[in-house]
2 protein chains.
Amino acid sequence: MRQIKHPSLDQVELTDIMYALSDPTRLEIVGRLASAGRKMTCGEFDLNRPKSSMSHHFKILRAAGLVETLIEGTEHLNALRVKEIEQKFPGVLQSVLRVLSPAADTTV
Amino acid sequence: MRQIKHPSLDQVELTDIMYALSDPTRLEIVGRLASAGRKMTCGEFDLNRPKSSMSHHFKILRAAGLVETLIEGTEHLNALRVKEIEQKFPGVLQSVLRVLSPAADTTV
DNA sequence: TCTATTGTTCGATTATATTCGAACAATAGA
DNA sequence: TCTATTGTTCGAATATAATCGAACAATAGA
């Protein structure tokens, strides 16, 4: 596997976004990615869950268009697709991020 | 049954809101309630689904704190709890409503 | 009191999601 | 080439959700 495929944002429905964010683990991942403000590997999220479970959640976040994953060596670097999501669903992700960490500036 | 019980908004988690909005039928209900700008009975949503299914979806919307239901005679009048939700999760519901019907003013 | 109206609850079925161990794939570095 | 690292995929078990007919509850009005 050279590169992971991501959906184009016009293939993504609002319900997909909502669904992806309805799980506490995934919401936590999204919140941490936002507050970190940098790409993070799957392993950096220390959520006491086996790799396969984490991988599952990332898969759903990717399918919802929320996360894009860049492969670098053996690591997978994850980033939020804030700008694109914002363009398609203005305010939705940003407001969620602000609720998750009120102090942080979520503008990218 | 005299009155339906609703959760206090501080009992509601963000994941509950997201979950409630991750279903197309429920998102449709929420969108129509918003654009109608008035209380609507369950029967007014003509979504080609049996009463029991509709009732199920309203139950989840209520549990998420999104909808409050006022009983008047034999009818149940449903309204969005926009202000309260907005206070607890600023911007979240409003942005969703704006995505659902961009032209409408969703400020209550 | 009887009936129609409006929704809810119950119970069963079917469909989707979550979870996680084990096996696999790709790469880096020795 | 061998091994460690990082994550994905597979498969099976378990849990949660959606769906909807049928029975029930509350009320209004005849």
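Is Glu28(A) buried, partly exposed or exposed? With a relative accessibility of 34%, Glu28(A) counts as partly exposed, where buried means under 20% relative accessible area, exposed over 50%, and partly exposed in between (1.4 Å probe, protein chains only). This is a predicted model, in which local features need pLDDT of at least 70, side-chain atom pairs count only at pLDDT 80 or more, and totals for chains, interfaces and linings use all residues. Residues are numbered from 1 along each chain as its sequence is written, chains are lettered from A and ligands numbered from 1 in the order in which they are written, and side-chain values use heavy atoms, with hydrogens and water left out.

**Interface of chain A and chain B**

- Contact, meaning heavy atoms within 4.5 Å, links 17 residues of chain A with 17 residues of chain B.
- The two chains bury about 1300 Å² between them, 85% of it on carbon and sulfur atoms; buried area is the accessible area (1.4 Å probe) that two parts lose on being put together, summed over both.
- On the chain A side, the most area is lost to chain B by Thr15(A), Met18(A) and Val99(A), together 38% of what that side buries.
- Three elements of chain A, α1 (14-20), α2 and α5 (92-100), each give two or more residues to the side that touches chain B.
- Of these, α5(A) gives the most, with five residues.
- Helices (H or I, at least four residues) and strands (E, at least two) are DSSP runs, numbered from the N terminus.
- The copies meet through the same surface, because 100% of the interface residues of chain A are also interface residues in chain B.
- Zero salt bridges are counted between chain A and chain B.
- Zero residue pairs in polar contact (both at pLDDT 80 or more) are found across this interface; a polar contact is a pair of N or O atoms within 3.5 Å, where within protein one must be able to donate a hydrogen and the other to accept it, and residues adjacent in sequence count only if both atoms are side-chain atoms.

**Salt bridges**

- Over all chains there are six salt bridges, each a side-chain nitrogen of Lys or Arg within 4 Å of a carboxyl oxygen of Asp or Glu.
- One of them joins Arg32(A) to Glu28(A), with the closest N and O atoms 2.9 Å apart.
- Arg32(A) and Glu28(A) are four residues apart in helix α2 (residues 24-36) of chain A, so about one helical turn separates them.
- Arg32(A) is partly exposed at 28% relative accessibility.
- Glu44(A) pairs with Arg38(A) in a salt bridge whose closest N and O atoms are 3.1 Å apart; Glu44(A) is partly exposed at 35%, and Arg38(A) is partly exposed at 45%.
- In chain B, Glu44(B) forms a salt bridge with Arg38(B), the closest N and O atoms being 3.0 Å apart; here Glu44(B) is partly exposed at 33% and Arg38(B) is partly exposed at 45%.

**Nonpolar core**

- The largest nonpolar core has 58 residues, and Leu66(A) and Leu66(B) have the most contacts inside it.
- Such a core is a set of buried Ala, Val, Leu, Ile, Met, Phe, Trp, Tyr and Cys residues joined through side-chain atoms within 4.5 Å.
- Apart from neighbours within four places in sequence, the residues in contact with Leu66(B) include Ile17(B), Leu61(B), Arg81(B) and Leu93(B).
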